[in-house]
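User: Hello! I am new to this structure and would like a close look at a single part, the place where two of the chains meet. Could you walk me through that part?

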Amino acid sequence: MSALISNVLTQVFITLIAVAGVYVLTGLTGMFSLGQAAFMAIGAYASGLLVIRAHLPIPLAMLLAVLLATVVGYLIGYPVVRLRRDYISLVTLGFGEAIAALLNRMTTLTGGASGLTGIPRTVGLGITAVSAVIAIALVASFKTSKYGRQCIALRGDPLAAQAMGINVTRVKMIAFLLSVALTAYSGCLYAFYMSYVDPSGFGWKKSADWVIMVFFGGVNSLTGSTIGAFVLSGLPQVLRSLQNYRYVIYAVLVLIILNFKPSGLLGEWELTPRNVKRLFAGKKKPAGENKEEV
Amino acid sequence: MSLQILINGIATGSIYALIATGFALIFNVLKFSNFSHGATMTASAFVAYFLLEGRGLGLVPTLLVAAAAGALIALVGEFVGFRRILLNHSSATYFFVSSITLGTLYEGLVTIKAGSNFFNFPRFFSTPTINIGQQVISTSDVVMFCISMVALLILAFIIQKTRLGRALRAISFDRDTAQLMGINSTRIIQLTFVISGVLAGIAGVFLGIKYTLYPTLGSLVVKGFIASVIGGLGSLTGAVIGAVLLGVVETILLSLLGSGYSTIATFGIMLVFLLFRPQGIAGSNVQEKA
Amino acid sequence: MKKLIALLIALVMVFSLAACGSSGSSEPTAETEPEQEQAPAEESGETEEPAEPAEESGETEEPAEPAEEGGEILIGCLQDITGATSTLGSSVQAGAQAAVDEINANGGIGGKTLVMKTYDTKGDVTEAVNAFITAVTVDQVALIVGPPVANIANAIKETAEGYDVPVMGFALDPTCQIKEDGTAYKNMFCFQPSATAQGTIMAAYALQNGLKTFGILYNQENSYSVSLLAPFTDRLAEDNITIDEKLIVPYGAADTDYKTLLQPIVSAGVDAIYCPNYTQQLVAIEQAAADLGYQGKIITGLDGAPNFNELYGADCSNVYYINNINTDDPDTAEMAAAVEGQVSAVNKYFLGYDVVMIAKQCIETAGLDDPAALRDAIANVSGFEGLTGTITMDPATHMPGNMAMFMYTYDNQTPVMLGEFAG
């Protein structure tokens, strides 16, 4: 029982880190990646292989894996940040497929379709929980930083942002790399928690799931995205007894939110002391804050 | 590289074309990538299969039923997934999320009905292949090619020559102004979904004939997506050209490099193409506001 | 205020997530009790049950016959009910359920009713671990009927090591049962011949029938397909037959054109093409090969078995496949006929059936009080006469030692048994 809860929570925290990355990319910057899960795969495989084959200590392996993913992210980000939104999703989608093909093809290194076995199981609930909190804090401080506000500005109107002196490609690249690093790190945790990785689980559907989580909770709110990840990645477990009806219910729920609360569960609301105080004081919000980006 | 490979490529490309047109049509009008298109294909093919199961009817009734089912599913999808977003004038990103969710929903429903079994359409053609000299062409590919061409020509006619088509183009250009000019945009958008649903139904049946029926059959929508982007998002001609090109290039790479590496090479080519000709083959310049 | 409501909704959802475990633990009783009331009379259900697979996988429990004594034994069935290999999982589940019903109809195990609960893995390794942990910690099943998919078994093997619940599965790949140091994972078992045995049998059969040249088309993204590759070529190599690199063609899910893939193999005019792939792909491959005018034979793995012939819907006399069951045996044939049309992978149905029967035998000998004793009983199953052959487990590998398989072909579309082959 407690084993189940800790297992589900661990997985939710791992997802949460990836979703925090997607929030930076999609929520803050307005870019859609359908290949984000491929960076998770890179993180998982690279760190796993470095430990199994090169016998590196695990923290070092994780660090190197995140670095590797970031380098790959830079290469792929170079065209990505220069393209329009639909092309970004296409390029990242193709990238994800290419990575999956590579993992399948490089049998001697990765184990191919049979997957990579024998990764030591060292990560547990504690590490993932702490990591998730750090990741969210990181993203929260990014959001309020100069770069975060530039991201929001260029999401609204890239041209205007550029005219205001924002280096659009540079800011986009920073956001992209931050999200890649977070996703890759979640991949590292995944590998050392599951102790087994196979190439099948990192397709575009997974990336799309993360985007849905961000939208479900509130695309403009980190708190919302976090809750979205919590609810939606936990939901299939809650509905386990419903067997294959689970996904129908999941989809219906998301559709309801999209239809009737398009800005997501929380809209733009963030969990900050000021907002909490205001919530309980029941005061009317200033007019400006109520306008959700619709 | 033999002629046969080219033929195979065109056959693959023509099915991508069917997928890509339905995809591009929605993009043309609503400016978003409709990822539920794939699941619509699967669902309508399955509806046709179950309604006509064991009746021994031929290809044409199957196509008609699938097309009708596709139209209905797309119409429901428009209502459930997109209507309110449309009326709210939400950003296109919501359509994207909604369409993926809708796809999950359809796929889930198909899985409930059909997940635990294998299905395949009965054989529609008495002679499975046509031989021209040394080259072999599947009858199903030829029929598919012809039917796609007919469907696409009808579509082109509707869009270019009819009042409906004009209305559709007007809405594609500027929805609000078109509405002010007295065009019932909701009705036209519904019709667009119906047409894309019909194309999805036809594509679904041919996919089923080629690859048997299974709940994730529609994941080939990704190819339609790639094709329509290469073609120039929203352009129907571009989508068809892009699809055939994608089919041929993929097939050639497959025969040269083998599986796996051909996927990587396709990705590389696509990347280079997008960097040097971001407007796609047709060069239609869709302006978008984030 | 809107925000407050939204936040409240979110919180309620989070709490319902946290509460999932507790609601889960009450499920089995809640689900089984009404069903027992439904079937008070002994004649009810008896006629249809043995043959009836769960039509919808949502029904995890078929009506269980009440045993004379109270109490029940809960076992788990960890299968892909949705996802890419749902047909295989559903077939195993249907067979296992049929065995459970039959056991209960005959008085259960030691007077206790056997209850099986199904856990969907969705063909996803993460889901599989969740499902496994739910089964062993929340529902506390006595044992688990495992999946026929190597990736799933690989995903749960490390987790399973931490518990005392045996997983009686069908993962052909020996790495699912054996650690790198050569010892067995204590809880992981496989109840069908290994990939090595199956690949070797197929190669030996081909050689015995004078086939000399081969091509291979395999799915490099599928561990089942990949695991059958080396045993086949190794056996050929023993007879000094090597296959040209160019004729060993891998493919993946992104590839849609089997004709192009098959082209070089067909042009080379090989005697046989070895295709250890899943049924749906086999149908498309057989079709493409026929379109290309290929005249040789096609050797498939387990998945060329019915209902491949129905799906293909035309003459498939050139297809040779390996099977777990012998349909020349009247009992087997009768059972197979009874489930025809309801179960896709009939051989998986029998695997599921047999494994529950083995589980029953082991529970009867070892009891449920000492997990180690139960494990030992499973590891030392000897001479069990099942429908899938005589099963003797090798305690060192947790796989059957010398289990026989059957080679088949089709006469037009009718399966023809060719013979029994020892591993």
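Predicted model: local features only at pLDDT ≥ 70, side-chain atom pairs only at ≥ 80, totals over all residues.

One stretch of chain A, residues 283-294, has a pLDDT below 50. That stretch still makes 13 contacts in the model beyond near neighbours in sequence.

Now to the meeting place itself. Chain A brings 37 residues to the contact, and chain B brings 39 residues. On the side of chain A that touches chain B, four helices of chain A each supply at least two residues: H4 (85-105), H7 (146-156), H10 (204-217) and H12 (246-260). Sorted by class, the residues on the side of chain A that touches chain B are 25 nonpolar, six polar and six charged.

For context, here is a contact within one chain. The domain assignment of chain C gives domain 1 (50-192 + 332-391) and domain 2 (195-323 + 406-421). Their centres, taken over C-alpha atoms, are separated by 29 Å. Here, eight residues of domain 1 of chain C are in contact with eleven residues of domain 2 of chain C. On the domain 1 side, helix H5 (150-160) and helix H13 (346-366) of chain C are the elements that give two or more residues. By class, that side of domain 1 of chain C has four nonpolar, three polar and one charged residues.

Technical notes. Residues numbered from 1 in each chain as written. Chains lettered and ligands numbered in written order. Contact = placed C-beta atoms within 7 Å. Nonpolar A, V, L, I, M, F, W, Y, C, P; charged D, E, K, R; others polar. Domains from an automatic or database assignment. pLDDT = per-residue confidence, 0-100.
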